[in-house]
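Me: I would like to go through the strand pairing, the surface charge and the backbone angles of this structure. Could we take them in that order?

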Amino acid sequence: MHFHPGFLLLLFLSLMTVEITNGQDIEPRRWGNLPLGNQVIGAGYAYSYGDVLFDPVLDIEDVEVDVHSVLATAVIPLKLGNMAGRLDAIIPFNFAHWQGLLSGVSAETSRRGLADPRVRISLHLTGPPASNRQELMQYLSEHSKYTTIGVSLGISIPLGQYNADRLLNLGLNQFIFRPQIGMMHNWGLWSYELTASVLIFTANNDFFNDGERKQDPLFAAQTHIIRRFPSRTWLSLSAAYGLGGQSVVNRLPNNDVRSNLLAALSFGFPLGKNQAAKIVYLRSETLKELGADTNSLILAWSIAF
């Protein structure tokens, strides 16, 4: 099996994650190996719109939201012993607008600014060893079937726009720690991925109206089936589910456990030797009376150097 050098660049687009409320994301090609000695930067645009369901106690109804996001990303492949890994980061800048009924009266508000950045370190326990581009291409050409098992730790850093006088903010004013374990099984031009995560939230001690907000862990799982093509394009079908994340404000539970179901279709393609792009459609639905039902379209680009 022969791999064009540009095939490896398409792996880098796994950086362009699709993230929704409370940090839950969906990310095909999460556990693909990256060659040592190649740094990658990228940019993306995402448009999301839909309905938001608030706690009835807040007397906020019929809320619609639309969000334009601009993303900057970077990735550095790592080596620990013979194991492959990587360090990646994403910085989002959001333009968000909400409109609906507040106590029966039409109301709207907007936010524009930095959302919480995210960094992550990953390590592959099995699968292709850490290697340069030529070595990785040789390994892939000699192993049409292999399985990668990996672990990672992601951290969302509370640097996003936040004002305690506002109920709606772009930042969460809390760290989110996200340990993950996952696997990818590759056979020929097909691969299957499964990843489990738990999101652990620190307390927000400067919540709305001088309150304190804590949140229980959120458990999430995502799965992907991916097909690559000789033209160096690829297509993936993805699904994800999240459950948990009940909030506690001033020591009072809100009975607002999240339950989200996500589905996505992704298409990646090369833009020359050192560049690649990806288009994603994502549908997110809440299975509870709180949350959001949204549609998202994401365009992503990356370049290796």
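This is a predicted model: local features need pLDDT of at least 70, side-chain atom pairs count only at pLDDT 80 or more; totals for chains, interfaces and linings use all residues.

Me: How many bridges join S3 to S4?

Reply: Strand S3 (residues 40-53) and strand S4 (residues 60-80) are joined by 13 bridges and run antiparallel. Val 40 has Val 75 in S4 as its bridge partner.

Me: And in which sense do S4 and S5 pair?

Reply: Their pairing is antiparallel, over 19 bridges, with S5 covering residues 83-102. Trp 98 in S5 is the bridge partner of Val 65. Two residues lie between the strands in this hairpin, where Gly 81 takes a positive phi near 65°.

Me: Back to the charge. Which strand gives the largest share of the negative patch?

Reply: That is S4, with three residues. Glu 61 has its place in this strand.

Me: Now the backbone. Which residue other than glycine has a phi near 50°?

Reply: Asn 255 has that positive value. Asn 255 sits in the loop between strand S16 (252-253) and strand S17 (258-270), and is exposed at 66% relative accessible area.

Me: What is the phi of Asn 173?

Reply: Asn 173 has a positive phi of about 55°, although it is not a glycine. Most residues other than glycine have a negative phi. Asn 173 belongs to the loop between strand S8 (145-156) and strand S9 (176-187). With a relative accessible area of 26%, Asn 173 is partly exposed.

Key: Residues are numbered from 1 along each chain as its sequence is written. Side-chain values use heavy atoms; hydrogens and water are left out. Two strands pair if DSSP finds at least two bridges between them. Helices (H or I, at least four residues) and strands (E, at least two) are DSSP runs, numbered from the N terminus. Buried means under 20% relative accessible area, exposed over 50%, partly exposed in between (1.4 Å probe, protein chains only).
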